[in-house]
Amino acid sequence: MHDLKINILIIDDDELLLRALIRTLNRLCPSAHVCTVQVATQFEQQINNNALPDIIFCDSMMQLPTGKNVLEQAKELCPSALRCLLTGDMSGNYQLQLNNVIHFHLVKPFAQSHLESVINSAVVLKTLPISSEHRVILGQLSELPFLGEVKQNLLNELNKNEPNISILEKDVRHDPLLAGKVLQIANSAFMGFDSTTSSVKEAIVRIGLINLRAIVVFSELSHQLLIKNKQKAINHLIDKGYKKAELSQSLAKYIKQDRQTQLLACAVGLLSVIGELITTSDPHGDLDNEVVPKFVLSAYLLALWGFDQKIVDAQLIDELPSQKSISLTVIHIIVEHMFCNNAFNFNLEEFDFIDDLALFPDIEQWWLSNK
């Protein structure tokens, strides 16, 4: 499934479970290096004597120290590792998510798709050009948003190779605000349809599964992060996300990118404000752009939540892409400048990069048509 070497550590005293998990992980990721610890007190020694893990699976029912205690320790010793708690059910772990002790719940018996999600996230995170300093900070942050069970169920359906549109429609209808936003976007001018629709199922088909996933996550975070004393600023960022989504798809269409790229560009624009939303809503004011750049924070969370690597990579616009070609990252750079500054105020390096792509005549005409 992946060629990138991933270091995996499993902490469990159940010999049968260990064997089954090792076999499945080796099949899903043949290049993985899997180590095991059956006595929780040996965890720190394992970390000190071996390469740092990219993923830690830990059973919640370990004897003292408990699985929870081990993962709290892992947050300090190897913060860049994905922390996965193996449990018998999903109850009682809200506080662990709130404090960012765990990144994933895996309920026994494990579905292969859940293990694949963890591996995919680890691979995307490992390939992101994020400094080791920022990886440590991100892994130790607390009070980060997480996706609730209802939204996670919807995303699990979207993760399937062939999602059931009827199930998606039913799940979207369960959230009237989400259903309203899906219909609003499906009927918006930038989607390019001549007629309006009041059917949630048709709206899902119109906006595509890529954008439905983005809207589900953005809607959930918008609700979670709304703080009364910062409501105006947060509402502004929510509006910015939807406007950047519209501009990104519009620009991709104007410079003759295919339909798939247009939909991806829309998702990139919408999700790009997640980092800003989190820093703005931070109740303690400890998290700002100097601690972790806002686009790095967006990319980190989107990788955790299993978004397409193209969407994740395109968040990182503080540095230009290594490959000189029209990409989602380039589209995002242009839209961010135009939205925030209402002008072509690129720095010299950005100007030369975009000029070499011969994009300036097109983006000037595009911007004039969107004013």
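This is a predicted model: local features need pLDDT of at least 70, side-chain atom pairs count only at pLDDT 80 or more; totals for chains, interfaces and linings use all residues.
## Helices 10 and 11

Helix 10, which spans residues 200–224, and helix 11, which spans residues 231–254, have axes that come within 11 Å and cross at roughly 165 degrees. The crossing of helix 10 and helix 11 is right-handed.

On the side of helix 10 the contact is made by Asn211, Phe218 and Ser222, while helix 11 contributes Leu237, Ile238, Gly241, Tyr242 and Gln249. Sorted by class, the contact of helix 10 with helix 11 has 4 nonpolar and 4 polar residues, and no charged residues.

## Gln249 in helix 11

Gln249, one of the residues that make the contact between helix 10 and helix 11, has its place in helix 11 and is buried, with a relative accessible area of 1%. When its neighbours within four places in sequence are left aside, Gln249 is in contact with Phe190, Met191, Asn211, Arg259, Gln262, Leu263, Ala265 and Cys266. Of these partners, Asn211 belongs to the helix 10 side of the contact with helix 11.

The buried residues in helix 14 are Phe295, Val296, Leu297, Ser298, Ala299, Tyr300, Leu301, Leu302, Ala303 and Leu304. Just after helix 14, Gly306 takes a positive phi of about 80 degrees.

## Ala122 in helix 5

Ala122 lies in helix 5, which runs over residues 112–127, and at 4% relative accessibility Ala122 counts as buried. Leaving aside its neighbours within four places in sequence, Ala122 is in contact with Ile6, Ile55 and Leu82. Ala122 and Phe295 are separated by 173 residues in sequence and by 18 Å in space, taken from C-alpha to C-alpha; Phe295 is itself among the buried residues of helix 14.

## Cysteines

A search of the whole structure finds 0 disulfides, where the cut-off for such a pair is sulfur atoms within 2.5 Å. The closest cysteine sulfur to that of Cys78 is in Cys58, at 11 Å, which is too far for a bond. Cys78 counts as buried, at 2% relative accessibility.

For Cys340, the closest cysteine sulfur is in Cys266, and the separation of 17 Å is again too far for a bond. Cys340 is partly exposed, with a relative accessible area of 39%. Cys266 is also one of the residues in contact with Gln249.

Lys256, a residue other than glycine, has a positive phi near 65 degrees, and its place is in the loop between helix 11 and helix 12, the latter covering 259–271. With a relative accessible area of 73%, Lys256 is exposed.

Ala358, likewise a residue other than glycine, has a positive phi near 55 degrees. Ala358 is found in the loop between helix 17, at 348–356, and helix 18, at 360–370. Its relative accessible area of 55% makes Ala358 exposed.

Technical notes
Residues are numbered from 1 along each chain as its sequence is written. Side-chain values use heavy atoms; hydrogens and water are left out. Axes are lines fitted to C-alpha atoms, for helices over the stretch in contact, and angles run from 0 to 180 degrees between N-to-C directions. Helices (H or I, at least four residues) and strands (E, at least two) are DSSP runs, numbered from the N terminus. A crossing is left-handed if the near helix is turned anticlockwise from the far one by less than a right angle, and right-handed if clockwise. Contact means heavy atoms within 4.5 Å. Ala, Val, Leu, Ile, Met, Phe, Trp, Tyr, Cys and Pro count as nonpolar, Asp, Glu, Lys and Arg as charged, and the others, Gly among them, as polar. Buried means under 20% relative accessible area, exposed over 50%, partly exposed in between (1.4 Å probe, protein chains only).
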